[in-house]
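Please look over the sequence and the structure below before reading on.

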Amino acid sequence: MTDYNRNIVRLTESSPNRTLIRGATILSMDSMIGNMVHGDILIESGMITAVGENLEAEGAAIIDASNMIAMPGMVDTHRHSWEGQLRRINPNAETLEDYCNATHYSFAKYYRPADMYIGNLLTALGCIDAGITTVIDNSHNSRSAAHSDAAVEALLDAGIRAVHASGAPVSGNWDRANWPSNLERLQEKYFKNSENSLVSLAAMAQLEPELWAEARRLGLPIITEFFGGEMAAALEGLHQQGLLGPDNIFNHCTSLPDAGWEILREAGVRVNVCPRSDAHYGIEDGMFAMQSALRHGIRPGLSVDNETSYSGDMFMEMRVAFYLQRVMGMHQNKCCGSAHSPVTLQTQNLLKAATADGAACAGLQEKIGSLTVGKQADLILIRTDDINLYPSGNAFGTVVHATERSNIDTVMIGGRIVKRDGKVLGVDSERLRAAIDESRQHLFAAAGYVPDIFAETFLPLE
């Protein structure tokens, strides 16, 4: 029996068996299908069965998407979802230590399963609201079996597509007997017969071969917080031992030298980059690693990382990436005589990173990431006649440079509509806010924290 309320979200009944989205401007992210000024998308039993112009589908439910952009749902390839109730508690953080002081070294130690549940639920619902249909949940606060169960159940209840990466806590007391046996327990309890489930399992571990071996025994992807400047020296040995492979997902990859990138490419390691996080917390050189990844033939996903300092949407992630890349290119070309001339990222590149490349990073490229016949219907519809978007002079520019979560009319995951007319469906807002408030009150009291909504800095509590 749980001590948290699982009735906050009531998923709506299944969407109609056949749905026709009609008259949308389509950004398919599929080179074979291309883009369409006015096109239709037919969805049957949760799958995309046709994309084209003037489609006919007798008996299908019609969604009028004229004056809307249809595109794949976005993929956040690295989010610490358990921190949802700590949103913007530390907006002026300057270092990774500042982040840890406001999470791992303080509140994390006092999380109950109920706090894991509400943190993950709030993050997942926020993702859906922002058009993020898939999230890789980096759950490095799995203090007990009950904590892990709560995190998984929140993702299931929210109706989001997710990869739950269970990981050991960083500080405080926790059930060490729970790790790494927790991975097999979770697999047996939630994922043994779940090929059609929206949620799958992974392991979160640092450069720990024994933990990697256990994850591989279970067939799980391995997610690592990888800081390239600090950790690059270990790569050659790992590679020579055959311990790096396509089941590795590396976050950040900041300041990684060329030799390290060559190893990642050769081993097939998947990568995601963090434009805001790396800059905000000054991680190594503070610059997200997209340029280096692309230069070595790796197409990374984009990730938000956390919401303790900034917002949780991919629109802002793409915008920050666009401008940081421009600044880096100008700096290198004018000041430094760099041997590597940066390639200017176009809006199309960034939207691909947030969709198709993110799906590949998550290992879900055969299921999602583009509006392709045969893939599951994870997609969003953006109203282009809203006052902040009209007129839409360029579809990619509208999405990357101007769209906000309020412009998202519809979100569909696996063919199920989870946001419609600008509202996330099935959420009891009163119960949700009450659960969030109760969790925060518990965590603040346990950690001895007196909240101050005008504080300039978050001071260490211990």
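A cavity here is a set of grid points where a 1.4 Å probe fits but cannot get out, and a lining residue has an atom within 4 Å of such a point. The structure under discussion is a predicted model.

## The cavity

A search of the whole structure finds one cavity of 30 Å³ or more. The volume of the largest cavity is about 30 Å³. Its lining is made up of Val9, Leu11, Leu125, Ile128, Ala158, Val418, Val424, Leu425 and Val427. By type, the lining of the largest cavity has nine nonpolar residues, no polar ones and no charged ones.

In soluble globular proteins, nonpolar side chains tend to be buried together. The largest nonpolar core in this model has 113 residues, and Phe107, Leu121 and Leu264 are the ones that touch the most other members. Helix α2 (residues 113–129) supplies the largest share of this core, with 10 residues.

Which residues does Leu264 touch, not counting residues up to four places away in sequence? They are Leu235, Phe250, Cys253, Leu256, Val269, Val271 and Ile298.

Ile263 sits in helix α8 (residues 258–267). Its relative accessible area is 15%, so Ile263 counts as buried. Leaving aside residues up to four places away in sequence, Ile263 touches Leu235, Glu236, His239 and Leu244. Glu236 is 27 residues from Ile263 along the chain, and the C-alpha atoms of the two are separated by 7.3 Å.

Ile160 is placed in the loop between α3 (145–158) and β8. Is Ile160 buried or exposed? Its relative accessibility is 0%, so Ile160 counts as buried. Again leaving aside residues up to four places away in sequence, Ile160 touches Ala124, Cys127, Ile128, Ile132, Thr133, Val135, Leu155, Leu198, Val199 and Ile413. Ile413 is 253 residues from Ile160 in sequence, yet their C-alpha atoms are 7.0 Å apart in space. Ile128, one of the contacts of Ile160, is also one of the residues that line the largest cavity.

## Aromatic pairs

A pair of aromatic rings is described by the distance of the centres and the angle of the planes. The structure holds 11 aromatic pairs. In one of them, Tyr99 and Tyr281 have ring centres 5.6 Å apart and planes at 50 degrees, so this pair is tilted. Tyr99 belongs to helix α1 and Tyr281 to the loop between α9 and α10, so the pair ties together parts that are 182 residues apart in sequence. Tyr99 is buried, with a relative accessibility of 6%, and Tyr281 is buried too, with a relative accessible area of 2%.

Another pair is formed by Phe107 and Phe444, with ring centres 5.4 Å apart and planes at 50 degrees, so this pair is tilted. Phe107 lies in the loop between α1 and α2 and Phe444 in helix α15 (residues 429–447), and the pair links these distant parts of the chain, 337 residues apart. Phe107 and Phe444 are both buried. Ring pairs also join Phe107, Phe444, Tyr449 and Phe458 into a cluster.

## Backbone details

Where are cis peptide bonds found? One joins Trp179 and Pro180, with omega of about 5 degrees. Pro180 is in the loop between β8 (161–167) and α4 (181–191). Another joins Tyr390 and Pro391, with omega of about -5 degrees. Pro391 is in the loop between β14 (379–383) and α14 (395–402).

Arg88 has a phi near 55 degrees, a positive value in a residue other than glycine. This residue, Arg88, lies in the loop between β6 (74–79) and α1 (96–101). Its relative accessible area is 39%, so Arg88 is partly exposed. Glu284, also a residue other than glycine, has a positive phi near 55 degrees. Glu284 lies in the loop between α9 (275–280) and α10 (290–295). With 32% relative accessibility, Glu284 counts as partly exposed.

Conventions. Residues numbered from 1 in each chain as written. Predicted model: local features only at pLDDT ≥ 70, side-chain atom pairs only at ≥ 80, totals over all residues. Heavy atoms only, no water. Core = buried A, V, L, I, M, F, W, Y, C linked by side-chain atoms within 4.5 Å. Buried < 20%, exposed > 50% of the residue type's maximum accessible area, 1.4 Å probe, protein only. Helix = DSSP H or I, 4+ residues; strand = E, 2+ residues; numbered from the N terminus. Contact = heavy atoms within 4.5 Å. Phe/Tyr/Trp six-rings, centres within 6.5 Å; stacked < 30°, edge-to-face > 60°. 1 Å grid on protein atoms, 1.4 Å probe; cavity = no way out; pocket = protein on both sides within 12 Å on 5 of 7 lines; lining within 4 Å. Points joined across faces, edges and corners; volume = space filled by probe spheres on them. Nonpolar A, V, L, I, M, F, W, Y, C, P; charged D, E, K, R; others polar.
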